[in-house]
Amino acid sequence: MDKAAALYSFWASFGLLAVDEQAMYDTTFDPPEQYVSYEDAQDSFDYPVTIGADLWYRSMSWADISQKAEEISEAIGRGGKMIPYDGGAIWITRGSPFSQRISSDTSNDVRRIHININAEFLSA
Amino acid sequence: MKFTKIPENTFQTLQLNAGVLLSTFDVSSPAVVDANLLGATSGGVTFNAAPSYIDFGEDIDNCPKNTKELKKLDDWDVRMTGSFATMSAALAQRMTAAADLSGDKISPRRDLALADFKDIWFVGDYSDKNGNTNGGYIAIHMLNTLSTGGFQLQTADKEKGKFSFEFTAHFSMDAQDTVPFEIYVHAGAAE
């Protein structure tokens with residue numbers, strides 16, 4: 001598993017479709033009811049990067065999407081989470097602010113929460 | 001670049017996060033028992049086990065300085081420093097060192113008692129396996145520590161108070177050859 005696959009496996013571990021945010025610009029992208037989009041940013045040992053992600057829920061309520069953001073926060077925990085890849089691991093910790101509600105300017109039944117994580121790729 | 005590298009197992013041998021300070025810790029059944037946490041720290045902690053040496057060749061004519069056969073280990077100075085962000089009556093007593101605790105009141109003494117010397121454990125996350133059951137750890141056991149920094153409180157406007165500490169480990173007459181610290185480096189395993 002390479003770095004990109006490890007990053008994908010992290011976001012895909014929460015029971016949602018996980019898509020590289022670049023895929024959203026594809027005109028054929030058909031967004032499901034719930035999914036998470038994330039930045040695919042990578043670096044190496046001693047150079048932590050901030051990675052943004054967005055939860056997208058088609059709903060009038062913030063309850064479910066907020067619960068999912070909390071689930072991700074708890075999974076990372078205070079000390080962070082290690083995601084292994086070939087020859088290394090990603091050390092993921094919560095960014096600040098960790099989560100932030102964002103209103104949609106195109107549809108009032110879309111709920112979006114932006115999430116920040118810090119990721120250090122522990123290899124060359 | 002030929003010599004710009006890191007070991008391939010770097011990600012498996014890193015110490016992570018600030019760790020915790022505990023009154024006791026069982027390395028055979030590693031777990032953080034909440035009641036054993038001394039308090040919340042701020043800014044991490046610093047552990048320093050510094051040996052001091054005597055160079056028996058230093059006053060011998062024509063003897064090079066630092067000749068290994070003439071170097072003798074004189075002593076160890078073992079300290080842990082940092083700041084607590086939280087305080088309790090029990091911790092205040094420990095930081096005051098020579099003190100008695102009665103209810104909420106800490107009464108300093110002018111004399112030390114053997115009971116004022118207590119062990120402290122630092123335990124921090126280690127390795128790439130950090131699960132709740134089999135997570136790796138680095139543990140430092142300091143024996144017979146005494147608060148040599150005394151009780152300190154620094155307040156600031158619109159900030160949390162900080163209680164700076166310095167604990168020094170001590171030898172004991174009962175075990176004079178036992179250097180008062182131990183280090184455990186335990187790699188984690190898959191959950």
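Arg78(A) counts as exposed because 10 C-beta neighbours lie inside 10 Å. The model is predicted: local features need pLDDT of at least 70, side-chain atom pairs count only at pLDDT 80 or more, and totals for chains, interfaces and linings use all residues. Residues are numbered from 1 along each chain as its sequence is written, while chains are lettered from A and ligands numbered from 1 in the order in which they are written.

Arg78(A) sits in the loop between helix 2 and strand 4 of chain A. Helices (H or I, at least four residues) and strands (E, at least two) are DSSP runs, numbered from the N terminus. Thr93(A) is 15 residues away from Arg78(A) along the chain, yet their C-alpha atoms are separated by 7.5 Å.

In chain A, 6 strands form an open sheet with mixed pairing, in the order 1-2-3-6-5-4. Two strands pair if DSSP finds at least two bridges between them. Strand 1 and strand 4 of chain A stand at the edges with a single partner strand each, so one side of each has no neighbour in the sheet. On average, neighbouring strands of this sheet are turned by 30° against each other, direction ignored. Strand 1 and strand 2 of chain A pair in the parallel sense, over 4 bridges. Leu17(A) has Tyr35(A) of strand 2 as its bridge partner.

Two helices pack on this sheet. Helix 1 of chain A touches strands 1, 2, 3, 4, 5 and 6 of chain A, and its direction makes about 140° with that of strand 4. Helix 2 (residues 63-76) of chain A touches strands 3, 4, 5 and 6, and its direction makes about 10° with that of strand 6. Axes are lines fitted to C-alpha atoms, for helices over the stretch in contact; angles run from 0 to 180 degrees between N-to-C directions. The buried residues of helix 1 (residues 3-11) of chain A are Lys3(A), Ala6(A), Leu7(A), Phe10(A) and Trp11(A). Seen down the helix axis, these residues fall within an arc of 135°, so they line one face of helix 1. The arc is taken over the directions from the helix axis to the C-beta atoms.

The largest nonpolar core has 28 residues; among those with the most contacts inside it are Leu55(A), Ile83(A), Ala89(A) and Trp91(A). A nonpolar core is a set of buried Ala, Val, Leu, Ile, Met, Phe, Trp, Tyr and Cys residues joined through C-beta atoms within 7 Å. Apart from this core lies another, of 26 residues, including Leu22(B) and Trp121(B).

The contact between the chains takes 12 residues from chain A and 11 residues from chain B. Two residues are in contact if their C-beta atoms, placed from the backbone, lie within 7 Å. Strand 5 of chain A gives the largest share of the chain A side, 3 residues. Ala89(A) touches Phe11(B) and Asp128(B), among others.

Some backbone angles stand out. The peptide bond from Ser96(A) to Pro97(A) is cis, with omega near -5°. Pro97(A) lies in strand 5 of chain A. Asn62(B), which is not a glycine, has a positive phi near 70°. Lys158(B), also not a glycine, has a positive phi of about 60°.

How values were computed. Buried ≥ 20, exposed ≤ 12 C-beta atoms within 10 Å, placed from the backbone. Lists of a residue's contacts leave out its neighbours within four places in sequence.
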